[in-house]
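Subject: Structure for you to look at

Hello,

Here is the structure I said I would pass on. Please open it first and keep it in view while you read the notes below.

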2 protein chains.
Amino acid sequence: MNIGEAARRAGLPAKTIRYYEDIGLVAPHRDANGYRRFGDREVHKLAFLARARSLGFSIDDCRMLLSLYEDRGRASAEVRGLAQRHAKEIDARIARLKEMRATLGELIEACAGDERPDCPILKDLAGG
Amino acid sequence: MNIGEAARRAGLPAKTIRYYEDIGLVAPHRDANGYRRFGDREVHKLAFLARARSLGFSIDDCRMLLSLYEDRGRASAEVRGLAQRHAKEIDARIARLKEMRATLGELIEACAGDERPDCPILKDLAGG
DNA sequence: CCTTGACCTTCCCATGACTGGAACCCTAGA
DNA sequence: TCTAGGGTTCCAGTCATGGGAAGGTCAAGG
C-alpha cells in the first residue's frame with residue numbers, strides 16, 4: 001500500500017511517516033515510480049510508534065522500544081526500566097504543572113476580575 | 001548596569017535577555033561601546049517576565065501581560081481572563097499527562113521486569 | 001606597556017518532533 | 001485531454017532558548 005493508506009491504518013500523518021523514515025525508524029520499500037510501499041509489517045511498526053508516542057515516549061525511547069520489541073530474547077526488565085524512567089519524568093512534569101496551577105489558582109481567586117485596574121495577578125508578577 | 005548584572009538580578013540568562021530584546025520585549029539603551037545598559041525599570045521588567053514565564057505563560061502571553069501591566073487603566077478582568085485561559089490549558093496538559101501516567105502505571109505493574117522476554121508493555125505497544 | 005581574564009558584542013547553528021508549502025511527478029476516470 | 005487526488009523532494013518555520021565561534025572592551029596586576 002502507499003503512504004496514504006499506511007497513514008490511515010497507523011493513525012499517523014503521512015508527513016510524520018516520511019519523517020520517521022528520514023530518521024531511520026522505518027524503511028519502506030520503493031515502487032518503480034518512487035512511491036513508498038508499505039506492508040503489514042511496516043504498518044504494524046508505525047502503529048507501535050504511534051502508540052508509544054501517544055504515551056509520551058521520546059523518539060529516542062521509541063527507537064529503543066522498537067529494538068527491544070524486535071529482539072525476541074530481551075529481558076522484560078529492560079523494557080520495564082525504560083517505562084519506569086519515563087513514568088518518573090511524567091511525574092515530575094505533572095508536579096511542576098501542578099505547582100504552576102496552584103499559584104495561578106490563588107492569583108485568579110484573589111483577582112476581582114472586574115472593570116477596575118487593581119490586579120493582584122499583575123502585582124505578583126511585578127514582584128509582590 | 002551591564003547585561004550580566006541585569007541577568008543576575010532578574011534571574012535570567014544573559015542569552016535570554018538578548019533574545020527578549022530581539023523579539024521586542026525589552027529595549028535597553030546602549031553605551032558608547034555598544035554594551036546594553038539596564039536601569040532598574042528594565043530589570044524590573046525582566047523579573048516580571050521571568051516570573052510570568054515560570055508560571056508557564058507563553059512569550060505572547062507575556063507580551064500581553066506586560067502591556068496590561070503598563071496600562072494603568074486596564075480592567076483587571078482582562079488579566080484574569082488571560083490567566084484563566086492559561087490555567088485551563090495547564091489543566092488540560094495535566095489531564096493528558098495523568099492519562100499517560102495511568103496507562104504507564106498499569107503496564108509497569110503488569111510487567112514482571114525480570115530476565116524473561118515476555119513483556120506486557122511491548123505487547124500493549126504492539127496492539128494488545 | 002603588556003597581558004590576563006572577565007566581560008561584552010554579533011552571528012549562525014542546533015534542539016524535538018513535527019508541520020506547511022512550493023514545485024513537481026504519477027495515475028485513474030470523465 | 002483534462003482534472004482530481006494521490007505521490008515525491010526540499011526548504012523553512014515552529015518555541016524558547018542554548019552553544020559556540022570570532023572578536024571588541026575594560027580593569028587590574030606585573
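**What was found**

The side chain of B:Arg36 makes a polar contact with the side chain of B:Glu21, at 2.5 Å. Please keep in mind that this is a predicted model. B:Arg36 sits in strand E2 of chain B, which covers residues 36–37. Is B:Arg36 buried or exposed? B:Arg36 has a relative accessibility of 18%, so it counts as buried, the cut-off for buried being under 20%.

**DNA strand C**

Of the atoms of DNA strand C that come within 4 Å of the protein, 69% belong to sugar and phosphate.

- A phosphate oxygen of DNA strand C lies 3.2 Å from a polar side-chain atom of A:Thr16.
- A sugar or linking oxygen of DNA strand C lies 3.4 Å from a polar side-chain atom of A:Tyr35.
- For B:Gly4, a polar backbone atom is 2.6 Å from a phosphate oxygen of DNA strand C.

Which elements give two or more residues to the surface near DNA strand C? They are helix H2 (14–22) of chain A, and helix H1 (3–10) and helix H2 (14–22) of chain B. H2(A) gives the most, with four residues. By class, the residues of this surface are seven nonpolar, six polar and six charged.

**DNA strand D**

Around DNA strand D there are 18 residues, and the nearest of them are A:Gly4, A:Arg36, B:Lys15, B:Tyr20 and B:Tyr35. Sugar or phosphate makes up 68% of the atoms of DNA strand D within 4 Å of the protein, and bases make up the rest.

- An N or O atom in the side chain of A:Arg36 is 2.7 Å from a phosphate oxygen of DNA strand D.
- An N or O atom in the side chain of B:Thr16 is 3.2 Å from a phosphate oxygen of DNA strand D.
- For B:Ile59, a polar backbone atom is 3.2 Å from a phosphate oxygen of DNA strand D.

Helix H1 (3–10) of chain A and H2 of chain B each supply at least two residues of the surface near DNA strand D. The largest share, four residues, comes from H2(B). This surface has seven nonpolar, six polar and five charged residues.

**Helix H1 of chain B**

Which residues of H1(B) are buried? They are B:Ile3, B:Ala6, B:Ala7 and B:Ala10.

The segment before H1 of chain B contains B:Asn2. B:Asn2 is partly exposed, with a relative accessible area of 37%. From B:Asn2 to B:Ala14 is 12 residues in sequence, and their C-alpha atoms are 9.8 Å apart in space.

**Helix H3 of chain B**

B:Leu49 lies in helix H3 of chain B, residues 40–54. The relative accessibility of B:Leu49 is 0%, so it counts as buried. B:Leu49 and B:Tyr20 are 29 residues apart in sequence, while C-alpha to C-alpha they are 9.4 Å apart. B:Tyr20 is one of the residues that come nearest to DNA strand D.

**Chain A as a whole**

Chain A is divided into domain 1 (1–58) and domain 2 (75–128). Taken over C-alpha atoms, the centres of these two domains of chain A are 35 Å apart. An unreviewed UniProt entry carries the annotation "domain: HTH merR-type" for residues 1–68 of chain A. Over residues 1–68, chain A is 62% helix and 6% strand, and the end C-alpha atoms are 26 Å apart.

Regards

Methods: Residues are numbered from 1 along each chain as its sequence is written. Chains are lettered from A and ligands numbered from 1 in the order in which they are written. This is a predicted model: local features need pLDDT of at least 70, side-chain atom pairs count only at pLDDT 80 or more; totals for chains, interfaces and linings use all residues. Side-chain values use heavy atoms; hydrogens and water are left out. UniProt positions are given in the numbering used here, feature names are shortened, and annotations may be inferred rather than shown by experiment. Domain bounds come from an automatic or database domain assignment. A residue is near a molecule or strand if one of its heavy atoms lies within 4 Å of it. A polar contact is a pair of N or O atoms within 3.5 Å; within protein, one must be able to donate a hydrogen and the other to accept it, and residues adjacent in sequence count only if both atoms are side-chain atoms. Ala, Val, Leu, Ile, Met, Phe, Trp, Tyr, Cys and Pro count as nonpolar, Asp, Glu, Lys and Arg as charged, and the others, Gly among them, as polar. Buried means under 20% relative accessible area, exposed over 50%, partly exposed in between (1.4 Å probe, protein chains only).
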